[in-house]
Amino acid sequence: MTKSAQDLVTEAKAQVENLTVDQVAAELEGSDVQVVDIRESEEVAATGRIPGAVHIPRGLLEFKTDAIDPSKRVILHCAVGGRSALAAVTLKEMGYGNVAHLDGGMTAWLQAGRPVEKD
């Protein structure tokens, strides 16, 4: 039996903390949180990023964890929440204990009228 990408995302979301835009915005007011944008560079260039977010494309996440502070709360996001849910599971498997993802991703962030940074 094979699984679809959506099956994997559904399973991942059941294993990680799924945050709303408002929850992420509230957490950003603290200093012990690190947001990681796992979208591709073209996506970040097109829409900007959540202020203060570190950009690590999903395909490089496992190899670039030196840019992620394991002592902080780590919140991952992508465009709509699928890749970030999968990535959150990966970070948990790698030993990061306080990991969540933005359900709805950058799409939800923008729809809520939240601020963005552009390079």
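Modeller: Strand β2 (residues 33–37) runs parallel to strand β4 (residues 73–77), and the two are joined over five bridges; strands here are DSSP runs (E, at least two residues), helices are runs of H or I with at least four residues, and both are numbered from the N terminus. This is a predicted model, in which local features need pLDDT of at least 70 and side-chain atom pairs count only at pLDDT 80 or more, while totals for chains, interfaces and linings use all residues. Residues are numbered from 1 along each chain as its sequence is written, and side-chain values use heavy atoms, with hydrogens and water left out.

The pair belongs to an open sheet of five strands, in the order β1-β5-β4-β2-β3 and with parallel pairing, where two strands count as paired if DSSP finds at least two bridges between them. At the edges lie β1 (17–19) and β3 (54–55), each of which pairs on one side only. Helix α4 (residues 82–93) packs on this sheet and touches β4 and β5 (99–102), its direction making about 175 degrees with that of β5; axes are lines fitted to C-alpha atoms, for helices over the stretch in contact, and angles run from 0 to 180 degrees between N-to-C directions.

Within β5 sits His101, which is buried at a relative accessible area of 0% (buried means under 20%, exposed over 50%, partly exposed in between, with a 1.4 Å probe and protein chains only). Beyond its neighbours within four places in sequence, His101 has contacts (heavy atoms within 4.5 Å) that include Glu17, Leu19, Ile75, Ser84 and Ala88.

Turning to charge, Asp37, which stands opposite His77 in β4, forms a salt bridge with Arg39 at 2.8 Å, N to O; the term requires a side-chain nitrogen of Lys or Arg within 4 Å of a carboxyl oxygen of Asp or Glu. Both partners are buried, Asp37 with a relative accessible area of 0% and Arg39 at 2%.

Glu27 and Arg73 also meet in a salt bridge, again at 2.8 Å, N to O, and this pair links distant parts of the chain, since Glu27 lies in helix α2 and Arg73 in strand β4, 46 residues apart. Glu27 is partly exposed at 25% relative accessibility, whereas Arg73, at 9%, is buried. Through shared partners, salt bridges join Glu17, Glu27 and Arg73 into one network.
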